Amino acid sequence: MLTFTEQDQAYPRKRTAEDRAKDFLEIYERFTTQAGEMQASRCSQCGIPFCQSGCPLKNNIPDWLLLAAEGRMEEAYQVSTATSTLPEVCGRICPQDRLCEGACVIEQSGHGAVTIGSVETFIAETAWDQGWVKPLDAAPETGLSVGIIGSGPAGLAAAERLRERGHKIVVYEREDRAGGLLIYGIPNFKLDKHVVTRRVERLKQGGVEFRLNFEVGKDANLAGLRAKHDAVLIATGTYKARQLTCPGSGGQGLIAALDYLTTSNRLGLGDEVEAFDTGHLNAAGKRVVVIGGGDTAMDCVRTALRQGAKAVTCLYRRDRANMPGSAREVAHAEEEGAVFEWLAAPAAILGDAQHATGVRAQRMRLGLPDPQGRRRPEAIDGQTFDVQADMVIAALGFEAEDLVDQFQAPTLPVSKWGTLKADPFTGATAMDGVFGAGDIVRGASLVVWAIRDGQEAAKAIHNYLIDQSHKAQQSTQLEGVEA
Ligand SMILES: Cc1cc2nc3c(=O)[nH]c(=O)nc-3n(C[C@H](O)[C@H](O)[C@H](O)COP(=O)(O)OP(=O)(O)OC[C@H]3O[C@@H](n4cnc5c(N)ncnc54)[C@H](O)[C@@H]3O)c2cc1C
Ligand code: SF4
């Protein structure tokens, strides 16, 4: 260990931008055994591991780095999976620069962080290759059941941890495939779909039941599900796209980011999508403008480039340093040919009701910080410019849908933003036996937080179920005594 003074920081080999533009395959290769062990050995095994504090799952990072450096890969996998149900997913798509790697002491010392995420992927993929990822081992059946609404990372994490404890689990999912945004949001070049589907298969084989094409609110309401199960977990994510309000934004020509990305992901999964065939959601040969500065915007930019767009421009109202998306994703997009217009906000969508022909952009500057400390963008009077386009995509983020109305649950506690009000540590809501996890509780966030919430909610649900069954036993015994 402690080789960081001799070994330079290295990521797995990245495919060239030219090569990447031709397909939707992941852009990083995997570490070779030698490179993975070498990079793991850079860890300084700090007494207080700051990387662990930077990880929402509190992964035992120094332990699995040490084991990997010593070539004890199976043990490294056991340690890594003890705290995470989807280590190979987080290793690929966590914004590590803002989490574990950002907190790494070696990064602070100027030597470049241990490439923790890449080593995490290397360990988990080796485990899959070697057959160390065992079938889900459920405890004896408890006879208690949990209904989970939503099969994104929060729902999948909770399903796994609750099934391990012997509870019957039914996952209700309105889409035709399980996985949530891991399947229909995040593109293949960041996360290949087989990485998700093999985890879903493992859960199915372990006894988790998936009811696909089942929309809570249409096929059942919340009260109906609660009556059917001993507890219910709501893990439905956030799907209401934030709307642009400038002139022209109501036209058909403005495309919602998730419609665009879902279409591309469906094509990758072998589905036929009419809106792609008609050209409406196909960027081939077009000049594309993407509005927004988060991960969703970057995914749209990079998808359009792979579909063969003639030019792709991203408009964002703040500057590069203040954008919400991962800096690494912006760098990838630039390498692949995207043009960024920083400090540019949409002032109008040009075109008619059916087609967008461009965006009029307002030049901005950064003013005083807002209460969260982010500098507010301010318009510079009289400075606008037009960007011509054949396709305009809005990627402004997501909010919660109206759960109370959708679930016909007037007493379901929601915040003023529409998110589910739940205890931040246990996910318990004020409704007896109803819990929440993931984006629907915290607002649009990250996969790693959804997994953390799902795992914590599973613990709380298990305790609730045991507590309820003790109470039921006691009251049966009392009835027996009284009789
Ligand atoms: C384009 C895009 C790119 C992203 N990139 C990254 C990234 O690189 N790294 C990262 O960490 N995070 C990323 N995120 C964020 C991340 O995907 C989410 O934070 C995470 O998926 C939230 O997990 P979840 O389980 O709470 O919800 P979701 O993944 O949204 O899953 C919710 C599930 O509930 C289902 N559902 C909703 N309502 C109902 C209902 N009424 N009945 C039945 N089922 C229902 C939905 O169909 C869905 O399958 C990205 C998000 C987007 C949109
Ligand atoms: S889960 Fe994410 S934050 Fe935690 S160690 Fe893995 S890559 Fe880092």
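Which residues lie nearest the centre of the second largest pocket? The close-ups below take up this question and a few others.

This is a predicted model, in which local features need pLDDT of at least 70 and side-chain atom pairs count only at pLDDT 80 or more, while totals for chains, interfaces and linings use all residues. Residues are numbered from 1 along each chain as its sequence is written, chains are lettered from A and ligands numbered from 1 in the order in which they are written, and side-chain values use heavy atoms, leaving out hydrogens and water.

**Figure 1. The second largest pocket.** Glu26, Tyr28, Gly91, Arg92 and Thr121 lie nearest the centre, within a lining of 24 residues. A pocket here is an open set of points on a 1 Å grid over the protein atoms alone, where a 1.4 Å probe fits, with protein on both sides within 12 Å along at least five of seven lines; lining residues have an atom within 4 Å of a point. The volume, meaning the space filled by probe spheres set on the points, is about 390 Å³. By class, the lining has 8 nonpolar, 6 polar and 10 charged residues; Ala, Val, Leu, Ile, Met, Phe, Trp, Tyr, Cys and Pro count as nonpolar, Asp, Glu, Lys and Arg as charged, and the others, Gly among them, as polar. Helix α9 (116–130) supplies the largest share, 5 residues. Helices are DSSP runs (H or I, at least four residues), numbered from the N terminus.

**Figure 2. The surroundings of ligand 2.** Look for Cys55, Cys90, Cys94 and Cys100, which are among the residues around this ligand. Each neighbour has a heavy atom within 4 Å of the ligand. The shell divides into 9 nonpolar residues, 2 polar and 1 charged.

**Figure 3. Helix α10.** This helix runs over residues 153–164 and reaches 17 Å from its first C-alpha to its last, close to the expected 16 Å. The expected span is 1.5 Å times one less than the number of residues. Because 11 of its 12 residues are buried, α10 is largely enclosed by the rest of the structure. Buried means under 20% relative accessible area, exposed over 50%, and partly exposed in between (1.4 Å probe, protein chains only). Just after the helix, Gly166 takes a positive phi of about 90°.

**Figure 4. Two loop residues with positive phi.** Gln45 sits in the loop between α2 and α3, and its phi is near 50°. Lys58, in the loop between α3 and α4, has a phi near 55°. Most residues other than glycine have a negative phi. Gln45 is partly exposed at 29% relative accessibility, and Lys58 is partly exposed at 44%.
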